[in-house]
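Hi,

Here is the structure I promised to send over.

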Amino acid sequence: MVHGCKGYDPTTGAVSFPIYQSATFRHPGLHQTTGYDYSRLQNPTREELENTLANLENGKHGFAFSSGMAAVSTVLSLFSPGQHLIVSDDLYGGTYRIFEEIYKRYGLEFSYVDSSRIKEVEQCFKDNTAAVFIETPSNPTMKVSDIAAITELAGSRGALTIIDNTFLTPYYQRPLELGADIVLHSGTKYLGGHNDTLAGFIVVNDDDLAERIKLVQKSEGAVLAPFDSWLILRGIKTLGLRVEKQQQNAIRIAEWLNSHPKVDKVYYVGLPDHEAYELSKKQASGFGSMISFAVKDAALVEQVLERVQVVIFAESLGGVESLITYPMVQTHAAIPEEMRERIGVNDKLLRLSVGIEAAEDLIADLEQALK
Ligand SMILES: *Cc1c(COP(=O)(O)O)cnc(C)c1O
């Protein structure tokens, strides 16, 4: 994390990897290249970041995109009309939207399932199933799917396994090591870590998959800019420190919320009474710092969102600042009401991304907001 891949500029010794703010590169002569020709194809700063992420995920090939959604879109364009994907039913709303409103029009089929129930996943397979796409822990109800069991099942049916690893980051969970084929990230969240830039990533091991992804990346051009690549490289240097502190805070806050009289239910993977506590410990080395909680009275929601002062009422997650969101009207607005209600995204549910502030300050803030 601290030293990246090359880590420094070999030509000058600069310990901060330079921002190569150039669209194009001078050819030394006819049929000659420095290895860089045009920044949509490759740029040294982006390449350093892509290699760093590949190393962190223990994968072979990394790709950086202008947002998490650009990375999701790139993965979807690997498939052909008539192919079927099995998908977690508790998903980031933008991912649901791109499936339903964009890629369905291009002939892909999607089945939504509670991917924490392997039997139900198994029942969704069809002759044309090409992939299983999951988020674990899921967003926002923190369900945990068994990555090794799903990759084994998918592999036996000739389907790829795609894991959105945004919530835990490679610091806590490395799906490729558990057999997954494709790892995805919104780098906007923990990897960048400062709520100051958008980014997305794909990491794979397979050379053939990597070639197909590279073709889409350079053809569609949703690549991460050099400066934004540098911001994420800088963010990654402190990833370990940040997520450790965020997790410490999250454990304290989850326990505190769990005993609060106005809180009905707390969804946090790190609480020992979470149904997948043991599975989490088996497949990840940490629980992360995303907490959702349902208040007993829906009228409290507006009060909390208006009263918080240290915690910021804003979309997104993973940064040093604690953020609170109302999934039903924000991140998950694109999901139909019937499906939202079934998974528990209702008018009482709030989602908290715990930052690195002092835990006492966060608890005092939530206390006054819930009064
Ligand atoms: C935010 C998010 C995305 C989308 O990423 P952007 O960087 O906002 O485009 C995808 N998946 C998950 C789990 C996310 O939290």
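Which pocket is the space taken by the ligand? That space is the largest pocket. Keep in mind that this is a predicted model.

**Around the ligand**

Asp 164 uses an N or O atom of its side chain, 2.7 Å from a nitrogen atom of the ligand. For Lys 189, an N or O atom in the side chain is 2.7 Å from an oxygen atom of the ligand. With Met 69 the backbone is involved: one of its N or O atoms lies 2.9 Å from a ligand oxygen. As for cover, the ligand on its own has 380 Å² of accessible area, and the protein covers 93% of that.

**Aromatic rings**

I also went through the aromatic pairs, and there are 9 in the structure. One of them joins Tyr 103 and Tyr 106, with 6.1 Å between the centres and 45 degrees between the planes, so the pair counts as tilted. Are these two buried or exposed? Tyr 103 has 10% relative accessibility and is therefore buried, while Tyr 106, at 52%, is exposed.

Phe 227 and Trp 230 pair up too: their ring centres are 6.1 Å apart, and their planes meet at 20 degrees, so this pair is stacked. The cut-off for stacked is under 30 degrees.

Cheers

Technical notes: Residues numbered from 1 in each chain as written. Predicted model: local features only at pLDDT ≥ 70, side-chain atom pairs only at ≥ 80, totals over all residues. Heavy atoms only, no water. Polar contact = N/O pair within 3.5 Å; in protein donor to acceptor, adjacent residues only side chain to side chain. Areas by Shrake-Rupley, 256 points an atom, 1.4 Å probe, with all protein chains shown as cover. 1 Å grid on protein atoms, 1.4 Å probe; cavity = no way out; pocket = protein on both sides within 12 Å on 5 of 7 lines; lining within 4 Å. Sits in = over half its atoms within 2 Å of the grid points. Phe/Tyr/Trp six-rings, centres within 6.5 Å; stacked < 30°, edge-to-face > 60°. Buried < 20%, exposed > 50% of the residue type's maximum accessible area, 1.4 Å probe, protein only.
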